[in-house]
Amino acid sequence: DATVPRERAFFHLAGRSKNKGTQVLMDAWRRHPEWPRLTVVQSAKTAQPGTPAPNITHLTGYVEDAELRRLQNAHAFHICPSEAEGFGHLLMEGLSTGAVLVTTDGAPMHELVTPERGLLIPPARTGTLNLSPQYFVDVAGIEDAVARALALDDAQRATLGAAARRYFEGADAAFRAALPTALA
């Protein structure tokens, strides 16, 4: 939504998932009061707010759809240091807004968010979640990725955001075209 003013701030949507890297992200943010605001949207059932920080807005109640869309569109950066993803709906939502996505450099996250349309955080270690690979980033990796994001000038941010939006539009069109055939 181009009518929503974009802020040079970071957005993290954890929802009910325990695999979004939310705790390590908030730990990193607490170490950097000079960083811009991080807005975290997380279910009260899974939230572990920890020590409050002046640059973290932690929303743990229900957020109406219209407000969630506004928040997604209002942030220049979406950061999701996911340990694992299924399809990557959250990442596709971020790409749809034309934000600069910052995510884990592991499959399938790095298949949706490539260096041409976002920034990747190398995992500090790996594991497994059921039969799927699991990737864990650490505070140092987040610090490096945020430093790279903040170093982007307006033109670089616009280029990455436009590439993200183009990718989303192409994937959305391909899905809508393939779905009726797959269902038939």
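F175 is exposed, with a relative accessible area of 51%. Exposed means over 50% relative accessible area, buried means under 20%, and partly exposed lies in between (1.4 Å probe, protein chains only). F175 sits in helix 6, residues 154–183. Helices (H or I, at least four residues) and strands (E, at least two) are DSSP runs, numbered from the N terminus.

This is a predicted model: local features need pLDDT of at least 70, side-chain atom pairs count only at pLDDT 80 or more, and totals for chains, interfaces and linings use all residues. Residues are numbered from 1 along each chain as its sequence is written, and side-chain values use heavy atoms, leaving out hydrogens and water.

Back to F175. Together with L179 and L183, F175 makes a nonpolar surface patch of about 330 Å². Patch residues have over 30% relative accessible area and no salt bridge; nonpolar side chains (Val, Leu, Ile, Met, Phe, Trp, Tyr) are joined within 5 Å, like charges within 9 Å.

Helix 6 also holds charged pairs. D154 and R157 meet in a salt bridge (2.9 Å, N to O). Such a bridge puts a side-chain nitrogen of Lys or Arg within 4 Å of a carboxyl oxygen of Asp or Glu. D154 and R157 are three residues apart, so about one helical turn separates them. D154 is exposed at 56%, but R157 is buried at 17%. R165 and E169 form another salt bridge, with their closest N and O atoms 3.0 Å apart. They are four residues apart in helix 6, again about one helical turn.

The whole structure has nine salt bridges. One of them joins E7 and R37 at 2.2 Å, N to O. This pair links distant parts of the chain: E7 is in strand 1, while R37 is in the loop between helix 1 and strand 2, 30 residues away. E7 is partly exposed at 34%, and R37 is partly exposed at 27%.

Now look at helix 5. Its 13 residues, 139–151, reach 18 Å from first C-alpha to last, close to the 18 Å expected at 1.5 Å a residue. The expected span is 1.5 Å times one less than the number of residues. Its buried residues include V139, I142 and V146. The buried residues of helix 5 pack against several elements, among them strand 5 (100–104) and strand 6 (118–121).

Those two strands pair in the parallel sense over four bridges; pairing takes at least two DSSP bridges. T104 stands opposite I121 in strand 6. In a regular strand the side chains alternate between the two faces of the sheet. In strand 6, G118 and L120 point one way, L119 and I121 the other, and all are buried.

Notes:
Contact means heavy atoms within 4.5 Å. Accessible areas come from the Shrake-Rupley method with a 1.4 Å probe; for residues, only the protein chains shown count as cover.
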